[in-house]
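Let's take a walk through a protein model together. Have the sequence and the 3D view ready, and turn the view as you read.

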Amino acid sequence: MRGLATIITFLFVGILTAFYIGFGLPDSSRIVAVDEELVGLNEKYTLKFSHVVAKNTPKGHAAAYFAELVKEKTDGWVEIQLFPNGVLYDAQEEFEALKKGDVHIIAPAFSEVTIHDRKWTALDLPYLFDNEIMVEQAFEGRIGELLLESFAKKGFMGIAFWDNGFKQLTNNVKPIIYPEDITGLSFRVMPSEALFKTYRILGARAVTYPFNDVYNVLRDGIVDGQENTLSNIYSKGFYQQQRYMTISNHNYLGYVVLVEPEFWSTLPERHQSSIQEAMDEVTMWLRKHAMELNNDMLQRISSTGITEIHEQSEEEKDQWRKVLKPLYDEYETIIGKELMDELKRLQIDKEL
Ligand code: LMR
């Protein structure tokens, strides 16, 4: 009996072995999807998202929320890897890295874009926007369209405009109230020609340094001041090196979220729409929360007592506008008539 059982077991194992050797083990790598819709969906995508600011800023929060939403909407098939604080690249290096495919998403400030497309200088004109409603109208309307169309010609695809907030002036020398107060001082700005010219008209000097160097150049007294949003001023500790701040709201700091079109076209359509859907949700969320975040940072800076804060009045603003007006005429040819007319229309509409 025992001998018979051994023979049966032996035969059974033998048949099984022959079956597997003959036909091969089931191998998932050999499963080929024939359904067009499924092509690419059994592949996981990892997209690197580089930005230069801290996590506790509007862009930092938005990027983290976006990564979470993309994961949720693609059931984990697309992962967004975040690289904040300029750990990989500074703002200008990011454009090159995006072109080369070393990163897949970037969200540079408009002023950084001007280096690659001078039309974007439009958004650096001083006192262009009075409030967030005007900013939203610009992003959502023809102004936004014209800017994205123009940048598409340079090989960059914009998938959203992200908010941060209005820029404020800080310095370590004296309170800045009237335009003449700024004369003779030096400021770190982003690398935009319109920003350099703004300071030149005012008799001040503007120099550019990457964002990650700003704290050091302020600390070492290489420049007297800088301009930035409250969230950047707080999160990077600039206020610790600056005795005076003017709430001037003289420029808007916003971002354009960019992808490289060829890389984008390699993503399965279903992933593209999930990513765009996540992006749209985050953009709406940011529109509601960016201002709150900046206001919160103002409270924090103010409560330290390190920086004396002056809020520009409407009457003071008018004086600055008057001095800076020639910039608008100078830039009309650079940014083009259509865009300038749209900007002027936005200004006129606000009066109505
Ligand atoms: C800068 O001053 O360079 C920053 O405003 C950059 C950023 O992305 O906010």
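Predicted model: local features only at pLDDT ≥ 70, side-chain atom pairs only at ≥ 80, totals over all residues.

Residues are numbered from 1 along each chain as its sequence is written, and side-chain values use heavy atoms, with hydrogens and water left out.

Let's begin with the whole chain. It has 14 helices and 11 strands; here helices (H or I, at least four residues) and strands (E, at least two) are DSSP runs, numbered from the N terminus. Of the 352 residues in the chain, 48% are buried. Buried means under 20% relative accessible area, exposed means over 50%, and partly exposed is in between (1.4 Å probe, protein chains only). Now think about contacts, meaning heavy atoms within 4.5 Å. Among the contacts in the chain with a separation of 6 or more, 76% join residues 24 or more positions apart.

Next, look inside. A nonpolar core is a set of buried Ala, Val, Leu, Ile, Met, Phe, Trp, Tyr and Cys residues joined through side-chain atoms within 4.5 Å. The largest one has 60 residues, and Phe66, Ile80, Trp162 and Ile182 touch the most other members. Which helix gives this core its largest share? The answer is α11, with eight residues. There is also a second, separate core of 36 residues, which includes Phe95, Ile106, Ala122 and Leu123.

The axes of α2 (residues 58-73) and α11 (residues 269-304) come within 9 Å and cross at roughly 150°. Axes are lines fitted to C-alpha atoms, for helices over the stretch in contact, and angles run from 0 to 180 degrees between N-to-C directions. The crossing angle makes α2 roughly antiparallel to α11. Angles under 35 degrees count as roughly parallel, over 145 as roughly antiparallel, 65 to 115 as roughly perpendicular and the rest as oblique. The α2 and α11 crossing is right-handed; a crossing is right-handed if the near helix is turned clockwise from the far one by less than a right angle, and left-handed if anticlockwise. Residues making this contact include Phe66 and Leu69 of α2 and Trp285 and Leu286 of α11. By class, the contact has 14 nonpolar, three polar and three charged residues. Ala, Val, Leu, Ile, Met, Phe, Trp, Tyr, Cys and Pro count as nonpolar, Asp, Glu, Lys and Arg as charged, and the others, Gly among them, as polar.

Helix α7 (residues 193-201) packs with α13 at an angle of about 155°, their axes 11 Å apart. That makes α7 roughly antiparallel to α13, and their crossing is right-handed. In this contact, Glu193, Ala194, Lys197, Thr198 and Ile201 of α7 meet Leu327, Glu330, Tyr331 and Ile334 of α13. Helix α12 (residues 314-324) also packs with α13 (residues 326-335), at about 40° and with the axes 5 Å apart. These two helices are therefore oblique to each other. Here Lys322, Val323 and Leu324 of α12 meet Pro326, Leu327 and Tyr328 of α13.

Now zoom in on single residues. Trp120 lies in the loop between α4 (110-113) and α5 (132-140). Is Trp120 buried or exposed? Its relative accessible area is 0%, so Trp120 is buried. Beyond residues up to four places away in sequence, the residues Trp120 touches include Phe110, Leu147, Phe161 and Val256. Trp120 and Phe110 are 10 residues apart in sequence, and their C-alpha atoms are 6.6 Å apart in space.

Tyr127 is in the loop between α4 and α5 too. Its phi is near 55°, a positive value in a residue other than glycine. At 4% relative accessibility, Tyr127 counts as buried. Asn85 also has a positive phi, about 60°, although it is not a glycine. You can find Asn85 in the loop between β2 (78-83) and α3 (91-100). With 27% relative accessibility, Asn85 counts as partly exposed.
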